[in-house]
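Welcome, and take a moment to look around before reading on. This short report walks through the spaces, the packing and the ring pairs, one topic at a time.

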Amino acid sequence: MTIILGLVVMLGCMLGGYVAMGGHVDVLWQPWEFVIILGTSLGTFIVANSMKVIKDTGKGFGEAFGKGAPSGREYLDVMGLLYSLMRELRSKPRNEVEKHIDMPEESSIFQKFGSVLANKELTTFICDYCRLIIIGNARTHEVEALMDEEIQTLRNDKLKAYYALSNVADGLPAIGIIAAVLGVIKAMGAITEPPEVLGHLIGAALVGTFAGIFFSYGVFAPLASKVKSGREKQMRLYIVTKQTLLAFMNGAMPQVAVEYGRKTISAHERPTIDEVEAETLGGGGDARKAA
């Protein structure tokens with residue numbers, strides 16, 4: 001919604017100001033200039049990135065226009081799941097807990113928290129470190145270092161779409177100049193035409209420079225920032241998991257360990273203590289559905 005609102009405000013002010021100065025909007029409609037600029041940018045984007053990054057960038061566009069950041073419900077699901085797993089780790093034999101970790105899709109615990117189970121990367125992350133806890137030989141500081149390294153790797157992977165879009169935005173002004181130069185070349189080929197015809201051709205050429213800068217700073221750079229913001233917030237789920245499990249490994253009770261994780265969430269998105277207690281002590285997803 002904010003993207004659409006921003007585009008409306010931007011185009012309204014830009015075109016409104018242009019018309020107020022006496023400009024003619026129809027002069028700005030140069031579709032072949034747009035084809036040159038956007039087509040060349042698309043080509044360089046394909047050359048510079050792997051197919052996996054290209055697909056992920058498309059996914060990032062969807063997240064930018066939709067819901068890229070985790071909701072409060074997703075944070076509660078993560079903490080509810082971790083609380084349930086930690087209770088199992090404290091009270092059940094190793095073989096009973098391993099069933100949940102080895103086959104999370106069939107686990108009664110994971111099935112209560114559908115948003116976590118739907119996130120395959122996060123589910124794998126949780127299961128891997130719970131498995132290390134079950135083994136029992138890992139030292140807390142070693143596990144923390146390993147978590148930090150994996151989180152950084154996951155972050156780099158998630159931000160590849162942002163870097164790809166940023167590179168497109170950085171190149172668009174120069175590609176706009178290319179389109180403008182091609183337009184000038186066309187105009188020079190009609191140098192014998194009357195001044196009004198030549199002026200129209202030169203004006204059309206200059207639209208290329210305008211469009212390149214507009215698409216760069218008005219469209220692709222803001223979209224790249226939107227993708228980055230959403231992906232950074234997605235990584236917060238891993239930080240919550242990390243701090244919760246480390247607190248548990250250091251001897252904290254499950255309810256206290258969950259509070260360590262809760263405190264890592266941004267203040268304006270953080271669930272309250274009462275909400276977390278209702279989620280954990282109240283039985284999680286199944287209890288919520290029953291209510």
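The largest cavity is lined by Glu74, Val78, Ser115, Val116, Asn119, Leu122 and Leu237. A cavity here is a set of points on a 1 Å grid over the protein atoms alone where a 1.4 Å probe fits but cannot get out, and lining residues have an atom within 4 Å of a point. The space in this cavity is about 30 Å³, and a search of the whole structure finds one cavity of 30 Å³ or more. For such volumes, grid points are joined across faces, edges and corners, and the space filled by probe spheres set on the points is taken.

Helices α5 and α7 each supply at least two residues of this lining; helices are DSSP runs (H or I, at least four residues), numbered from the N terminus. By class, the lining has four nonpolar residues, two polar and one charged. In this scheme Ala, Val, Leu, Ile, Met, Phe, Trp, Tyr, Cys and Pro are nonpolar, Asp, Glu, Lys and Arg are charged, and the others, Gly among them, are polar.

## How to read the model

This is a predicted model, in which local features need pLDDT of at least 70 and side-chain atom pairs count only at pLDDT 80 or more, while totals for chains, interfaces and linings use all residues. Residues are numbered from 1 along each chain as its sequence is written, and side-chain values use heavy atoms, with hydrogens and water left out.

## Two open pockets

Now for the open spaces. A pocket is an open set of grid points with protein on both sides within 12 Å along at least five of seven lines. The largest pocket has a volume of about 590 Å³. Its lining counts 21 residues, and Asp56, Lys59, Glu121, Lys158 and Gln234 are the closest to the centre. Two or more lining residues come from each of α4 (51-65), α8 (120-135), α9 (140-158) and α11 (195-249), with α4 giving the most, five residues. The lining divides into twelve charged, six nonpolar and three polar residues.

The second largest pocket holds about 250 Å³ of space. Among its 15 lining residues, Glu63, Ala64, Gly66, Gly68 and Lys226 lie nearest the centre. Helices α1 (2-20), α4 and α11 each supply at least two residues, and the largest share, five residues, comes from α11. Six of the lining residues are nonpolar, five polar and four charged.

## The nonpolar cores

Which residues touch the most other members of the largest nonpolar core? They are Met79, Leu81, Leu85, Ile126 and Leu245, in a core of 42 residues. A nonpolar core is a set of buried Ala, Val, Leu, Ile, Met, Phe, Trp, Tyr and Cys residues joined through side-chain atoms within 4.5 Å. Buried means under 20% relative accessible area, exposed over 50%, and partly exposed in between, with a 1.4 Å probe and protein chains only. Helix α5 gives the most to this core, with ten residues. Apart from this core lies another, of 27 residues, including Ile3, Leu28, Val53 and Ala179.

Contact means heavy atoms within 4.5 Å. Leaving out residues up to four places away in sequence, methionine 79 touches Val240, Val258, Arg262, Ile265, Pro271, Val276 and Thr280. Threonine 244 sits in helix α11 and is buried, with a relative accessible area of 1%. With the sequence limit of four places again, threonine 244 touches Leu82, Met86, Ala257, Val258 and Gly261.

## Rings in pairs

The structure holds seven aromatic pairs. Rings of Phe, Tyr and Trp (its six-membered ring) pair if their centres lie within 6.5 Å; planes under 30 degrees apart count as stacked, over 60 as edge-to-face and the rest as tilted. Phenylalanine 125 and tyrosine 238 make an edge-to-face pair, 5.2 Å centre to centre with 80° between the planes. This pair links distant parts of the chain, with phenylalanine 125 in helix α8 and tyrosine 238 in helix α11, 113 residues apart. Phenylalanine 125 is buried at 1% relative accessibility, and tyrosine 238 is buried with a relative accessible area of 1%.

Why is the pair of tyrosine 162 and tyrosine 163 tilted? The ring centres are 5.1 Å apart and the planes are at 55°, so the pair is tilted. Tyrosine 162 counts as buried at 16%, whereas tyrosine 163 is partly exposed at 42%. Elsewhere, ring pairs link Trp29, Phe34, Phe210, Phe214 and Phe215 into a cluster.
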